[in-house]
Amino acid sequence: IYVVNQALATLAFFGVGVNLVLFLTRVLKENNADAANSVSKWTGTVYICSLVGAFLSDSYWGRFKTCAIFQVIYVTGLSLLALASQLYLVKPKGCGNRTTLCGEHSTMEVGLFYISVYMIALGYGGYQPNIATFGADQFDEQHPSECSSKVAFFSYFYLFMNLGSLFSNTILDYFEDEGMWALGFWASAASAFAALVLFLGGTARYRHFASSGNPLSRFAQVLVAATKKCKVETPENEDDFYQGEVDDDTTGGRKMLHTHGFKFLDRAAVVTSKELDSEEKSVHNPWRICPISQVEEVKCILRLLPIWLCTIIYSVVFTQMASLFVEQGDAMKTTIANFRIPAASMSTFDILSVAGVIFLNRRVLYPLVKRFKKCKDDDAGLTELQRMGIGLVIAVMAMLSAGIVECYRLKYASNDCKHCEGSSSLNIFWQVPQYAFIGASEVFMYVAQLEFFNAQAPDGLKSFGSALCMTSISLGNYVSSFLVSIVMKISATDNMPGWIPGNLNKGHLDRFYFLLAGLTLIDLAAYIACAKWYKNIKHSEKIQELEEEDKFEV
């Protein structure tokens with residue numbers, strides 16, 4: 001249910017997102033740089049909303065209720081976009097294709113467009129981290145076979161997410177490219193509605209877990225308690241730390257064992273004479289003393305942050321596929337006989353690469369590595385951190401490939417031709433390697449990220465762990481937008497058009513790609529250092545499930 005739900009929801013999302021840059025240039029008449037920035041900001045907002053969904057899920061609503069509410073918002077936003085396009089934006093009818101630009105739009109019409117697309121951002125973003133975590137909740141980590149299935153779940157979850165976008169990147173992309181924008185958006189709305197019905201239909205079969213309360217207050221308690229005891233010595237014996245009550249469920253799941261590092265925070269769990277007096281009076285002040293498991297929850301998040309920060313540059317590379325790759329392809333030879341290939345449909349090769357690499361990893365690479373390293377059956381052979389590092393290496397290759405293709409595209413380009421046929425005689429299929437490299441890097445980076453943040457996040461913050469993965473995509477889009485703006489400001493001087501002008505034949509997009517390759521190499525060096533420093537989370541007790549009478553409460 002979860003993977004099919006994800007496929008349908010992703011089909012709907014990419015039915016809007018994959019051609020959004022062309023909608024902005026053809027229908028709303030934005031230039032290339034502004035359109036690329038608008039798409040980056042919108043995509044960034046999609047994933048920043050994942051933090052909102054994760055917070056509500058972990059703190060108050062639980063994952064099921066959060067998924068349902070945000071999917072309703074998602075369907076509403078898609079329906080509003082389809083309606084606005086049909087009634088107001090795509091005028092005259094059939095405009096917005098390669099040759100016919102649309103007419104002028106009022107402020108109200110443009111405002112309606114942005115309200116609808118940002119409702120889509122809120123709905124899809126808030127739902128996304130929770131459906132991944134909710135699906136993982138259905139596997140019991142204490143059961144060996146289910147634990148192995150949980151690892152496979154993230155690969156297939158990401159695979160179905162890409163298969164869902166395959167329809168958008170081919171069929172819907174073709175209709176939208178021909179100016180049938182309203183039809184494409186209505187199809188997306190119908191797909192999202194089907195996903196919502198499917199999700200609600202499986203309610204009786206789901207396993208549900210309780211929310212753990214506001215994590216911000218738990219974090220603040222640890223910081224305040226540690227600060228108040230800044231002069232207190234920490235005990236050498238780990239058993240001397242405050243363990244909490246036997247039935248204490250402060251962190252919402254299994255208790256975490258003490259780890260070394262961030263010793264300042266350990267003071268929050270040191271029992272002083274004041275705490276002993278309070279204990280005799282049966283009074284517990286959480287702002288003066290915290291269980292060591294609560295302290296470890298804060299340590300865990302602090303350890304995750306450097307790894308998370310190192311994934312942002314990768315997301316800058318990834319986001320080029322939805323913006324500059326499309327603009328680059330649109331300026332190449334896109335016809336075979338009398339059939340024209342929409343530039344955005346080239347992301348099909350990214351999806352095929354994802355599917356192929358997932359298959360090769362699970363059937364060939366992981367078994368070979370396990371045999372070489374003599375790993376256990378439930379061990380993938382390559383750790384999540386190792387796979388993320390491989391993803392960064394492949395991302396460098398993707399940017400080098402894109403830069404080389406752009407060099408040759410410029411070589412065969414006509415400087416005076418902007419959007420006409422024959423803008424460059426280089427065939428669009430030369431983009432296949434860069435899309436394939438991006439797809440391969442996604443499997444190593446994003447699938448490993450989902451596994452890593454889900455496994456290493458405390459039990460009370462599992463949705464937050466998934467949201468970290470998606471927030472890195474968000475910040476990657478914002479950083480991409482910032483880089484494009486800075487590059488254009490610096491390069492567009494002395495009457496020069498800059499690296500990414502409206503007419504790419506007069507620019508140097510290749511230099512921007514090579515810049516990203518260099519930044520990714522620097523990021524890889526920082527990532528390796530952070531990965532060596534990182535220490536895994538250590539659990540003790542089995543996770544606590546909701547009581548039977550609370551299972552279906554929404």
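How much area do domain 1 and domain 3 bury between them, and what percentage of it is on carbon and sulfur atoms? The two bury about 5,200 Å², and carbon and sulfur atoms account for 60% of that. Buried area here is the accessible area (1.4 Å probe) that two parts lose on being put together, summed over both.

A word on the ground rules. This is a predicted model, in which local features need pLDDT of at least 70 and side-chain atom pairs count only at pLDDT 80 or more, while totals for chains, interfaces and linings use all residues. Residues are numbered from 1 along each chain as its sequence is written, and side-chain values use heavy atoms, with hydrogens and water left out.

**The domains and their interface**

The protein is split into three parts, listed below. Their bounds come from an automatic or database domain assignment.

| Domain | Residues |
|---|---|
| Domain 1 | 1-212 |
| Domain 2 | 215-298 |
| Domain 3 | 299-553 |

The centres of domain 1 and domain 3, taken over C-alpha atoms, lie 19 Å apart. In contact terms (heavy atoms within 4.5 Å), 57 residues of domain 1 meet 57 residues of domain 3. Asn-32, Arg-98 and Tyr-158 supply 15% of the area that domain 1 buries against domain 3, more than any other three residues.

Two salt bridges cross this interface, each being a side-chain nitrogen of Lys or Arg within 4 Å of a carboxyl oxygen of Asp or Glu. Asp-177 also forms a salt bridge with Arg-340, with the closest N and O atoms 1.8 Å apart. Helices α2 (20-26), α3 (32-61), α5 (107-137) and α6 (144-177) each supply at least two residues of the side of domain 1 that touches domain 3. Of that side, α6 gives the most, with 18 residues. Helices are DSSP runs (H or I, at least four residues), numbered from the N terminus.

**The nonpolar cores**

A nonpolar core is a set of buried Ala, Val, Leu, Ile, Met, Phe, Trp, Tyr and Cys residues joined through side-chain atoms within 4.5 Å. Buried means under 20% relative accessible area, exposed over 50%, and partly exposed in between (1.4 Å probe, protein chains only).

The largest core has 128 residues, and Phe-23, Trp-42, Tyr-74, Phe-113, Ile-307 and Phe-512 have the most contacts inside it. Helix α16 (residues 432-456) provides the largest share of this core, twelve residues. Domain 1 and domain 3 each give the core at least three residues. Leaving aside neighbours within four places in sequence, Tyr-74 touches residues including Phe-13, Ile-120, Tyr-124 and Ala-192. A second, separate core of twelve residues includes Ala-225, Ala-226, Leu-265 and Ala-268.

Is Gln-6 buried or exposed? Gln-6 is buried, because its relative accessible area is 0%. This residue is found in helix α1 (residues 2-17), and beyond four places in sequence Gln-6 touches Tyr-124, Tyr-127, Gln-128, Ile-131, Phe-157 and Met-161.

Val-393, in helix α15 (residues 384-411), counts as partly exposed because its relative accessibility is 39%. The C-alpha atoms of Val-393 and Leu-524 are separated by 7.5 Å, with the two residues 131 apart along the chain.

Helix α12 (residues 312-319) is mostly covered, with seven of its eight residues buried. Those buried residues pack against α3, α11 (292-310), α15, α16, α17 (462-491) and α18 (509-533).
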